[in-house]
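Please look at the sequence and the structure shown below before reading on.

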Amino acid sequence: MLVLPYILFIIFTRQGGCESARKDARGPIFRNEPPSRIEFSNSSGTELRCNADGIPTPRITWQTRDGTAVKDVPGLRHMRSDGTLVFPPFSKPDYRQDVHDTVYQCLASNNVGTILSREVHVRGGEWEIYLLE
Ligand SMILES: *[C@@H]1O[C@H](CO)[C@@H](O)[C@H](O)[C@H]1NC(C)=O
């Protein structure tokens, strides 16, 4: 006699659970989208911030213009766990065109969807100019 209401209760709460998960889910929206152009000196390095809101929390990745996923290059480029792409200061011989003078895009994705940022034109190694007095 008590079994039927119990089963109904389980069915009801399970559906309720699914329903509310679906209602909550939201595709990514950029909170910080990187700028379309950034120039930096080899002595300062730079950081490209990118993060997005969504439910579940979107995962951040970066890609180059041809769609290749950006990988860390030791000492020259790495992605922090918060999604920021970091270009540390570097010496002139370490300059690499495919790292320091190229186009990047940030991707934010969760199981609802994926969004792609604008293209970010990066130009690093603006060598310091010493003005004559
Ligand atoms: C940046 O380049 C200049 C000029 O080549 C050099 O003097 C300087 O040491 C470099 N900065 C770093 C952090 O290596």
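## Terms and basis

A salt bridge is counted here when a side-chain nitrogen of Lys or Arg lies within 4 Å of a carboxyl oxygen of Asp or Glu. This is a predicted model, in which local features need pLDDT of at least 70 and side-chain atom pairs count only at pLDDT 80 or more, while totals for chains, interfaces and linings use all residues. Residues are numbered from 1 along each chain as its sequence is written, and side-chain values use heavy atoms, with hydrogens and water left out.

## Salt bridges

By this rule the structure has seven salt bridges. One of them joins the side chains of Asp82 and Arg80, with an N to O distance of 3.4 Å. Asp82 is partly exposed, at a relative accessible area of 42%, and Arg80 is also partly exposed, at 30%; the term covers values between buried (under 20% relative accessible area) and exposed (over 50%), computed with a 1.4 Å probe on protein chains only. Arg80 and Asp82 also belong, together with Glu47, to a network of salt bridges.

Asp98 and Arg96 form another salt bridge, at 2.8 Å from N to O. Here Asp98 has a relative accessibility of 44% and counts as partly exposed, as does Arg96 with 35%. A further bridge links the side chains of Asp101 and Arg123 at 3.9 Å, N to O. Because Asp101 lies in strand E8 and Arg123 in strand E10, this pair ties together parts that are 22 residues apart in sequence. Strands (E, at least two residues) and helices (H or I, at least four) are DSSP runs, numbered from the N terminus. Asp101 is partly exposed at 29%, and Arg123 is partly exposed at 37%.

## Strand E8 and its partners

Eight of the nine residues of E8 are buried, so this strand is largely enclosed by the rest of the structure. Strands are said to pair if DSSP finds at least two bridges between them. E8 runs antiparallel to E5, to which six bridges join it, and in this pairing Thr64 has Tyr104 of E8 as its bridge partner. E8 also runs antiparallel to E10, with four bridges between them, and there Tyr104 stands opposite Val120.

Strand E9, residues 114-116, is likewise antiparallel to E8 and is joined to it by three bridges. Ser109 stands opposite Thr114 of E9, and a hairpin of four residues leads from E8 to E9.

## The largest nonpolar core

A nonpolar core is a set of buried Ala, Val, Leu, Ile, Met, Phe, Trp, Tyr and Cys residues joined through side-chain atoms within 4.5 Å. The largest such core holds 20 residues, of which Leu48, Ile60, Trp62, Leu85, Phe87, Tyr104 and Val122 touch the most other members. At least two residues of this core come from each of the strands E2 (37-40), E5 (59-64), E7 (85-87), E8 (101-109) and E10 (120-124). E8 gives the largest share, which is three residues.

Which residues does Leu48 touch, not counting those up to four places away in sequence? With contact taken as heavy atoms within 4.5 Å, Leu48 touches Pro34, Pro35, Ile38, Trp62, Gly83, Thr84, Leu85, Phe87, Val120 and Val122.
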